[in-house]
Amino acid sequence: MDLYHLFKTRRPIIGVVHLLPLPTSPRWGGSLKAVIDRAEQEAVALASGGIDGIIIENFFDAPFTKNQVDPAVVSAMTVVVKRIQNLVTVPIGLNVLRNDARSAIAIASCTGAQFIRVNVLTGVMATDQGLIEGEAHQLLRYRRELGSEVKILADVLVKHARPLGSVNLTTAVQDTIERGLADAVILSGWATGDPPNPQDLELASRAAKGTPVFVGSGASWDNIATLMQAADGVIVSSSLKRHGNREQTIDPIRVSQFVEAARQNLNSNNSKGQTESVSSFKLHS
């Protein structure tokens, strides 16, 4: 996966738009317009603050189904993606929770979104939704059937979950890449807002052998310098919310502060030995 080709930077910062509850979810508020309005505002705040990409996620649909979501969720997320694409030019990704990668890649392929996040691509994880089994064989065949070039960013030992059997990070990373054919891997802490251990990031980076490794949770302007010493990119959300509260909306000031802290570190000490290029994405006029 060529990060520069996709994100126009070798060390991308990806922000997350957490969608308000969607139709059929327990907390659905009855107004898709409210969902779209907030999503548009957050996407604009992320893009104008210098973020290199955006993931759209049905975060507030909890409790989640472990596999296939309702068709109304797919329809709503498709509408949101198209509306956001009319406002920003950064690459767009999707994460259909808890683990509906098939719907995610279908939405991405039909809308022209560029990547998806998959919580469990390979292996078996015990989660609050029950046992989730990776279905890489189905997803990769479906991507080929669609004639799609959507990139797959896959979590390894995903947060809010425990693997069945012993934990071996090196093997998990290698299996996700070599047997699951992930285009990039994601390493998180144990829960939303928890950062991964820096030593685990270094181990994952060595095991990935050149495949990009992303920080998937817990990044802030206080720890981004440490985390990015071993990672190739970061996915960030909670730190960019007002007061750092994930229930709140994206704070444009916190976005700018995070991006500035990350760029200062990358420009002064690029651990990959490459010249960093700041993304030139701007809002549509």
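Predicted model: local features only at pLDDT ≥ 70, side-chain atom pairs only at ≥ 80, totals over all residues.
Residues are numbered from 1 along each chain as its sequence is written, and side-chain values use heavy atoms, without hydrogens or water. Local features need pLDDT of at least 70, side-chain atom pairs count only at pLDDT 80 or more, and totals for chains, interfaces and linings use all residues.

**Exercise 1.** Work out how helix 4 and helix 5 pack.

Step 1. Find helix 4 at residues 101-111 and helix 5 at residues 136-146 (helices are DSSP runs of H or I with at least four residues, strands are E runs of at least two, both numbered from the N terminus).

Step 2. Their axes lie 10 Å apart, at an angle of about 20 degrees (axes are lines fitted to C-alpha atoms, for helices over the stretch in contact, and angles run from 0 to 180 degrees between N-to-C directions).

Step 3. Now for who touches whom: helix 4 brings A101, R102, I105, A106 and S109, and helix 5 brings L139, Y142, R143 and L146 (contact means heavy atoms within 4.5 Å).

**Exercise 2.** Which strands stand at the edges of the open sheet?

Step 1. Three strands make up this sheet, in the order 6-5-8, with antiparallel pairing (two strands pair if DSSP finds at least two bridges between them).

Step 2. Strand 6 (130-133) and strand 8 (161-163) each have a single partner strand, so they are the edges.

Step 3. Zoom in on strand 5 (residues 124-127): four bridges link it to strand 6, and V124 has E133 as its bridge partner there.
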